[in-house]
Amino acid sequence: MADKHRIQFEPVGIEMEVGEEEKILDAAFRQGIHLMHGCREGQCSACKSYLLEGDIQMERYSTFACNDAEVAEGYVLLCKSHAYSDCTIELLNYDEDELLGGIPIRTVGTRVAAIEPVTRDIVSLRLEPAEQFDFKPGQYVDLTIPGTDEHRSFSMATTPSTPSGEIEFLIKKYPGGRFSGLLDDGLAVGDEISMTGPYGSSTLKDGHVLPVVCVAGGAGMAPILSILRHLKETDSTRPVRFYYGARTAADLFYLDAIEELGVEFVACLSESAQGSDGLQVEEGNVTDVVERREPELHRTEVYLCGPPPMVDAALTLLEASNVPKDQVFYDKFTSPATSDGA
Ligand code: FES
């Protein structure tokens, strides 16, 4: 057909087909090819690749993810790219194990099993999928906003082996948030929500042995909890330190669950340490605390999740600390899913 084109990925030698109306990253997922990605919204640059040959045009993207000079040179963001001819694309980042062996992305129906506030602005939402839903610790899904075609992205806080089969999400409430606004009185136990995924490359890598440093803030607790739970379930002996940034002790939650996971937990409180008796607390923002306490960051594997300014600050620190890029894992949620309030 005229509007279908062949895409050849180098240096891995994988081929696929894409229609002009479909974005290249989506076509790859549909065909079981798990290209590196993060936000899927042209904001994070995780999918940045190099066009060796062919005609690609991009939908609107952030120049922070791919600047004008890079675009002029031939760099493209595959999550925003449409092909208008056969193309050869060089992948700059890829995980060979994931590429053809990732978990297939699919859409399943779920029912709301519970909605419980855990702090003044974070809510636990538990969904019961209609069928077994597989994912890797650290991944996320798109949840459809009931009654619309829109979705919001949220990370799983549980692991696939959770006995109840339920999946938990931790959702920060924003004034006027399209999804989070439903959590007070727009959504009830038993309601149906469609879920698509799993997405995200910020997953725990089996077989790695370096000590693990987790850095999170706000609802970014979710994927880190999934990772920590998986480490516990698999009897991992890797040392784990978990730095969680919050404003005050009242913003901390799930402390008992974290203690049961046997990790070293450091609460980093930026406004006040009052009321945090019995906890290991450091005053200051989470990145500064990590800098103070982790002189050997380059000998660790770092998992990050939180608001974009926190992730940016942490990435700056990791770069200055010479942490190799392949020891750093994060999905920066800058998509409309969170930037306009989820
Ligand atoms: S820019 Fe494409 S996945 Fe984030």
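**Exercise 1. State how the chain is divided into domains, and relate the division to the UniProt record.**

Step 1. The domain assignment, whose bounds come from an automatic or database source, gives domain 1 (4-100), domain 2 (105-199) and domain 3 (212-339). Residues are numbered from 1 along each chain as its sequence is written. The model is predicted: local features need pLDDT of at least 70 and side-chain atom pairs count only at pLDDT 80 or more, whereas totals for chains, interfaces and linings use all residues.

Step 2. The centres of domain 1 and domain 2, taken over C-alpha atoms, are separated by 28 Å.

Step 3. UniProt, in an unreviewed entry, places "domain: FAD-binding FR-type" at residues 105-205. UniProt positions follow the numbering used here, feature names are shortened, and annotations may be inferred rather than shown by experiment. The span 105-205 is 4% helix and 44% strand, and its end C-alpha atoms lie 19 Å apart.

**Exercise 2. Describe the chain as a whole.**

Step 1. Nine helices and 19 strands make up its secondary structure elements; helices (H or I, at least four residues) and strands (E, at least two) are DSSP runs, numbered from the N terminus.

Step 2. The radius of gyration is 20 Å, close to the 20 Å that the globule rule gives for 342 residues, so the chain is as compact as a globular protein of that length. The radius is taken over C-alpha atoms, and the rule is 2.2 Å times the number of residues to the power 0.38.

**Exercise 3. Work out the layout of the sheet that contains strand E1.**

Step 1. Five strands form an open sheet in the order E2-E1-E7-E3-E5, with mixed pairing. Two strands pair if DSSP finds at least two bridges between them.

Step 2. Strand E2 (14-19) and strand E5 (75-77) stand at the edges, each with a single partner strand, so one side of each is left without a neighbour in the sheet.

Step 3. E1 and E2 run antiparallel and are joined by six bridges, with Arg 6 opposite Glu 17 in E2. Their hairpin has three residues between the strands, and Gly 13 takes a positive phi near 70° there.

Step 4. E1 pairs with E7 in the parallel sense over four bridges; Ile 7 has Cys 87 in E7 as its bridge partner.

Step 5. Strand E3 (residues 48-53) and strand E7 (residues 87-91) are antiparallel over four bridges, and Ser 49 stands opposite Leu 91 in E7.
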